[in-house]
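Dear colleague,

I am passing the structure on to you below, together with some notes on what was found in it. Please read the notes alongside the model.

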Amino acid sequence: MGKWYENAVFYHMYPLGMLGAPNVNEQTEVEHRMRKLIPWVDHVKEIGVTAIYIGPLFESSTHGYDTRDYKLVDRRLGDNQDFKEFVEYCHKNEIKVVVDGVFNHTGREFWAFQDIQKNREGSPYCGWYQELNFQGNTHYNDGFWYKAWRNCFELANLNLHDGGVREYLFDVIRFWIHEF
């Protein structure tokens, strides 16, 4: 029989685009756009989809891959309760949900990165980012250099070999599984 995902028919949802969210996350209020995804569940079930791959979902600054907060649904989409209702509706319709974790990098507004900007070598998070070097610089002129995803320096690569990073990310994964 195999694992469920080996025979699943996946449908990818990029909710920021599907729901017409603003390109830049400057709003302070939550916009409950995610509720508009419910009718899509009926549609994808009708065409034989058995799993939805959704994301990015986490609070971010722009396109969704520049994560600010791994434990919050992006306010341009809604809130955690909106996503919980979406997952419950999917499960009620026998559709599994897989979240795009985006665990390779963070945005510059992520709390650990901002701690490095503030405290420099004194930050306990210096080991969290790949090739962090206070002798270099990027075009953001922070006074330090770091490895970035495809040299897009708004996407600072996490050091997945660091025990603190791994434990934090495992905590995030446990949070999403428990909450949703």
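Predicted model: local features only at pLDDT ≥ 70, side-chain atom pairs only at ≥ 80, totals over all residues.

Residues are numbered from 1 along each chain as its sequence is written, and side-chain values use heavy atoms, with hydrogens and water left out.

Helices (H or I, at least four residues) and strands (E, at least two) are DSSP runs numbered from the N terminus, and two strands pair if DSSP finds at least two bridges between them. An open sheet is formed by 3 strands with parallel pairing, in the order β1-β2-β5, and its edge strands, each pairing on one side only, are β1 (10–13) and β5 (96–99). Between β1 and β2 (residues 51–54) there are 4 bridges in the parallel sense, and F10 has A51 in β2 as its bridge partner.

Strands β3 (residues 58–60) and β4 (residues 67–73) run antiparallel and are joined by 3 bridges, with F58 standing opposite V73 in β4. The two form a hairpin with 6 residues between them, and G64 in the turn has a positive phi of about 105°.

Finally, E179 belongs to helix α5 (residues 163–179). The C-alpha atoms of E179 and N80 are separated by 8.6 Å, although these residues lie 99 residues apart along the chain.
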